[in-house]
Amino acid sequence: MSRRDVAIVATAQRPNEVGSTLTSVELILPVINDVIAKVGIERQKIGFWCHGSCDYMSGQPFSFVAAVDAIGAWPPIVESHVEGDGALALYEAWVKIQTGECDVALVFSNGKTTSGPIDRILNLQADPYMVTPLWPGFDSLSALQARACLDAGIMTEADMAEVAARSYRDALNNPIAYAKENVTAEQLLARPYTSAPLRAHDCGVPVDGANAIILAAGDAARSLAERPAWIRGIDHRIDTQRLGARSMTESSSAAIAAAKAGVGNDRIDIAELHAPYTHQEILLRRAMNLGEGTHVNPSGGALVSNPAMAAGLARFAEAAESVFSGSADRVLAHCTSGPMLQQNLVCVMEGE
Amino acid sequence: MSRFFLSLQEGRLEGTKGSDGRVYFPPAEFDPVTGEQLHEWVTLPETGTVVTWSWQSEPQPNQPLEHPFAWALITLDGAAVPMLHAVDAGDMARIRTGSRVKVRWAAERSGGVRDIACFDLLEGAS
C-alpha cells in the first residue's frame, strides 16, 4: 500500500509559564480554538482528535478524559489519548490518516508541569522493580549519562554550556519561550552544580504549556494551508528499559529512527530536537549526523521551556512554522520520552 | 524474577547467564540476543566497579540515603552490565568513575532492590 501524503497545516501554542492556576481544560481550550480558526475549518470536518498527556502529573487516573470538554463531544467525534508526549499522539494521527479513515486530524497536548515535583513524578514511569523504588529522578539519571559522555571524551562541560547559552540567546527571539538570557558559556560554567556533572542550565526548565496541530492529507492539506509542511518520513524507536544495558554515549534508537525517516537523504535546514538536557542535544546531533549547515533549535528548544508531554509536539509546531513562513525548506522534528533518551521519534518535513 | 528477589532477601546476589556467556545482574529473564528464556543462574560477589555516577546534593524523600550521596551505575565483579544504586561516598571528591564499591545490606529485607541499602566505597582500592 502506498503512503498518503500528509502535512501539518496549522499550529498553535500557549506562552509557556510557571505556576499556572488554570485547569487542564482551560489550558487546552484556547489553543484548540486558535488552531481551528487558523485554517477556518468546520469542526465536523475533523475526522480524528488525538491527545497526549500524563495522568501521573495530575495524580488522577483517566484525568485525560476531562480534556474532551475542551474539544466538544457533540455531535459525536472520533478521539484517542496517548499517555505520553503529544508528538506520539501526532504519530497515531498520522497512522489513522494512512488507514484512510479520515483526511483531517487535530492533535493536542498539555502539561501542567509545575504543579508538582516533575523530576520525581516521572520516576513512576521507570522500571517498577529496579529503578522506581530508589526514586532517582530524571535529573540524576540524565547526569549519569552526561558523566559517561564526559568520561568518554565525546564532549566537555564547556560544550554543554555552549548548547545552553545558544538556546537561551535564541529564546530571546521567541515570544512564547520561558527562560531567555543574553549569556555566555563562560558565565554559565561559573554557576554551581545541581546534579553534578549537571548545572541548572543543563536541565530543561519545567513550565506549564499546551499546543495543538492540524494534520491533513493531500488536497485537503493544499486547501487549508498556503505552504503545508509535508511529512516525508516519520519513525519511532525505543531502546531497552534496562538502564545499564544500553549505551550511555550514543543513542541507537535515535540513529535508527533518523535513518528510517530519511534524515540523511538531503540537507536539513532546521532541526527542532527535543533535548531536555544539554548533553542530549549533542548526543542526538551525533546520532542523526546533523552538521554545521543545520540550525538546531532556533526556538530555544526544550531547555528554555520544557512543558512535560507537550515539549515534543512543540518541536513539530516550531519546525512546521519555519516551513509555513518559507524560512526553511527541509526540517526535522524530534521527540524523546523516558529516561536518558529511551524513546525517539524523528520526522522529516518539506515545503513544496 | 521471583528467584532474584528471594535471593536478595537471603543476602545473595544472583544473576543469569546469557547465550553469549555474559552474566546479567539484575538478571535478564530472556536472552537479550536470542530471546530464549534463561535458566542458568550465577551467584556474584558483593564487590563491583562504578562505571558512571552523579551527585545528589539534596536527598529527596524515599531515596536510599538521607545525606548527600552518589547515584551510580555499578558493574558487579563477573557481571556484564551495570545496575543503578546509591553509593554512600560522603563527599563528591571521594568518588570517581572506576571507584571500587561493596554492597551494604539493609538490616531488614523484604525481597526487593531496597534489600541493598546502598554501596560503600572500598577504601584505598580505587
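Me: What do the domain bounds come from, and between which domains does the largest cavity lie?
Reply: Domain bounds come from an automatic or database domain assignment. The model is predicted. Both domains of chain A give residues to the lining of the largest cavity, so that cavity lies between them: domain 1 (6–117 + 206–229) and domain 2 (127–204 + 230–350).

Me: How many Å separate the centres of domain 1 and domain 2 of chain A?
Reply: Chain A is divided into domain 1 (6–117 + 206–229) and domain 2 (127–204 + 230–350). Taken over C-alpha atoms, their centres are separated by 22 Å.

Me: How much area do domain 1 and domain 2 of chain A bury between them?
Reply: The size of an interface is often given as the accessible area lost when the parts come together. Here 44 residues of domain 1 of chain A are in contact with 33 residues of domain 2 of chain A. Carbon and sulfur atoms carry 68% of the area these domains bury, and the total is about 3100 Å².

Me: How much space lies in the largest cavity?
Reply: Two cavities of 30 Å³ or more are counted. The largest cavity is lined by 17 residues. Its space is about 110 Å³.

Me: Which residues lie nearest the centre of the largest cavity?
Reply: Strand S7 (208–217), helix H12 (301–304) and helix H13 (311–324) of chain A each supply at least two residues of the lining of the largest cavity. By class, that lining has six nonpolar, eight polar and three charged residues. Nearest the centre of the largest cavity lie A:Gln13, A:Asn16, A:Ser305, A:Ala314 and A:Arg315.

Me: Which elements give two or more residues to the lining of the second largest cavity?
Reply: About 40 Å³ of space lies in the second largest cavity. Its lining includes A:Trp49, A:Phe64, A:Ile71, A:Glu79 and A:Phe108. The elements giving two or more residues are strand S2 (48–53), helix H3 (68–71) and strand S3 (79–83) of chain A.

Me: How many residues of each class line the second largest cavity?
Reply: A:Val65, A:Ala67 and A:Val68 are among the residues that line this cavity. A:His51 and A:Ser80 are on the list too. By class, the lining has seven nonpolar, two polar and one charged residues.

Me: Where is A:Pro75 found?
Reply: Most residues other than glycine have a negative phi, and most peptide bonds are trans. The bond from A:Trp74 to A:Pro75 is cis, with omega near -5 degrees. A:Pro75 is found in the loop between H3 and S3 of chain A.

Me: What is omega for the peptide bond that joins A:Ala196 and A:Pro197?
Reply: A:Pro197 is in the loop between strand S5 (193–195) and strand S6 (198–199) of chain A. The bond joining A:Ala196 and A:Pro197 is cis, and omega is about 10 degrees.

Me: Is A:Leu341 buried or exposed?
Reply: A:Leu341 has a positive phi, near 60 degrees. The residue is in the loop between strand S11 (330–337) and strand S12 (343–350) of chain A. Buried means under 20% relative accessible area. A:Leu341 has 2%, so A:Leu341 is buried.

Me: What does B:Asn62 count as, by relative accessibility?
Reply: Phi of B:Asn62 is positive, near 75 degrees. B:Asn62 is in the loop between strand S4 (47–56) and strand S5 (69–76) of chain B. Its relative accessibility is 49%, so B:Asn62 counts as partly exposed.

Me: Which residues of chain B lose the most area to chain A?
Reply: The contact takes 30 residues from chain B and 25 residues from chain A. The two chains bury about 2200 Å² between them, 64% of it on carbon and sulfur atoms. Together giving 23% of what the chain B side buries, the residues that lose the most area are B:Thr52, B:Leu84 and B:Val113.

Notes: Residues are numbered from 1 along each chain as its sequence is written. Chains are lettered from A and ligands numbered from 1 in the order in which they are written. This is a predicted model: local features need pLDDT of at least 70, side-chain atom pairs count only at pLDDT 80 or more; totals for chains, interfaces and linings use all residues. Side-chain values use heavy atoms; hydrogens and water are left out. On a 1 Å grid over the protein atoms alone, a cavity is a set of points where a 1.4 Å probe fits but cannot get out, and a pocket is an open set with protein on both sides within 12 Å along at least five of seven lines; lining residues have an atom within 4 Å of a point. Grid points are joined across faces, edges and corners, and a volume is the space filled by probe spheres set on the points. Helices (H or I, at least four residues) and strands (E, at least two) are DSSP runs, numbered from the N terminus. Ala, Val, Leu, Ile, Met, Phe, Trp, Tyr, Cys and Pro count as nonpolar, Asp, Glu, Lys and Arg as charged, and the others, Gly among them, as polar. Buried means under 20% relative accessible area, exposed over 50%, partly exposed in between (1.4 Å probe, protein chains only). Contact means heavy atoms within 4.5 Å. Buried area is the accessible area (1.4 Å probe) that two parts lose on being put together, summed over both.
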